[in-house]
Amino acid sequence: SSALAEEPADPLAHVEHYVETYGLVDPLTPKVQRAHDIFARVRLSAESPIGLTPSLKIINSDGKPWAVALPDGYIILSRAALKICYQDVTEETGDARLAFVLGHEIAHLTNGDFWHRQIYFAAAGEPGSASLKKIRRTVRTMAGISDENGEEDWQDVIKTKELQADDGGFLYASLAGFRTDQIFTKNNEGKNFLDYWVAQTRTVEDKLHLGPQERSDYLRHRFNAIATRVELFNSGVRLAHLGQLED
């Protein structure tokens, strides 16, 4: 498995920590209801993690943690992250952005990638989190990287895993019927979603992700590759619901 081993008593691995620390946004808030509806659609299009049923909690946080997948099957999304998805764009574009973010985290669940949570909190100095040294050692071990290799090797492994989560999230959101091409739409500041996300979450200097331009270029390539197949898939789903199985 690509998962980083979790300590049994690690409170940061469980949803209760975030609910108790930040509280939940009012579930009757229209945007929160919309987010849960979008999550339900994306989850149906995604591969199911073994032994887990993904669930969403939207916490009342103005910042970190923005979006994170937990080993107990929950995805945490902050109120601020929800706002970023809809800031200065149409509702349709906001829906596509949010579907991609949620799909990205579901992909981490599916792949068993929980080191990204550990890395985030270790870098932030969160009490009780694993040290970056321990995380680096675990990532290098799972990737078969020898101690003689350079410092950046383990970072490259993580960049690849994050790009795989981008790929999964984009595919899941597309299969769920969201206009994923809208992710590339520029807002009033002339930024597409990934540029805007990096600016708003202040992760410009993040060395464990590819840059927003590289990620956008990759997703544009993926969009061109899957656009026709997604439309055929959606047409097939509609025909199946109508009982026209031969068609």
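Analyst: A definition comes ahead of the questions. A crossing is left-handed if the near helix is turned anticlockwise from the far one by less than a right angle, and right-handed if clockwise. This is a predicted model, in which local features need pLDDT of at least 70, side-chain atom pairs count only at pLDDT 80 or more, and totals for chains, interfaces and linings use all residues. Residues are numbered from 1 along each chain as its sequence is written, and side-chain values use heavy atoms, with hydrogens and water left out.

User: How many helices and strands does the protein have, and in what order do they run?

Analyst: Helices (H or I, at least four residues) and strands (E, at least two) are DSSP runs, numbered from the N terminus. The protein has nine helices and three strands. From the N terminus on, the order is α-α-β-β-β-α-α-α-α-α-α-α.

User: What share of the residues is buried?

Analyst: Buried means under 20% relative accessible area, exposed over 50%, partly exposed in between (1.4 Å probe, protein chains only). The protein has 247 residues, and the buried share is 45%.

User: At what angle do H3 and H8 pack, and which hand does their crossing have?

Analyst: Axes are lines fitted to C-alpha atoms, for helices over the stretch in contact, and angles run from 0 to 180 degrees between N-to-C directions. H3 covers residues 79-86 and H8 covers residues 193-200, with axes 10 Å apart. The angle is about 145°, and the crossing is right-handed.

User: Which residues of H8 meet H3?

Analyst: Contact means heavy atoms within 4.5 Å. From H3 come Ala 81, Ile 84 and Cys 85. By class, the contact has six nonpolar, one polar and no charged residues. On the H8 side are Phe 193, Tyr 196, Trp 197 and Gln 200.

User: Which residue caps the N-terminal end of H8?

Analyst: Phe 193, Leu 194, Tyr 196, Trp 197 and Val 198 are buried in H8. At the N-terminal end, a side-chain oxygen lies 3.1 Å from the backbone nitrogen of Leu 194. That oxygen belongs to the cap, Asn 192.

User: Is His 104 buried or exposed?

Analyst: His 104 is found in helix H4, residues 91-111. Its relative accessibility is 7%, so His 104 counts as buried.

User: Which side chain makes a polar contact with the side chain of His 104?

Analyst: A polar contact is a pair of N or O atoms within 3.5 Å; within protein, one must be able to donate a hydrogen and the other to accept it, and residues adjacent in sequence count only if both atoms are side-chain atoms. Leaving aside neighbours within four places in sequence, His 104 is in contact with residues including Ala 165, Asp 166, Gly 169 and Arg 215. The polar contact, at 3.0 Å, is with Glu 162.

User: What is the phi of Asp 88?

Analyst: Asp 88 sits in the loop between H3 and H4. Asp 88 is partly exposed, with a relative accessible area of 38%. Although Asp 88 is not a glycine, its phi is positive, about 60°.

User: What separates the C-alpha atoms of Val 89 and Lys 186?

Analyst: Val 89 lies in the loop between H3 and H4. Val 89 and Lys 186 are 97 residues apart along the chain. Their C-alpha atoms are separated by 8.4 Å.

User: Where is the peptide bond from Lys 64 to Pro 65, and is it cis or trans?

Analyst: Pro 65 lies in the loop between strand E1 (55-59) and strand E2 (67-69). Omega is near -10°, and the bond is cis.

Definitions and conventions. Nonpolar A, V, L, I, M, F, W, Y, C, P; charged D, E, K, R; others polar.
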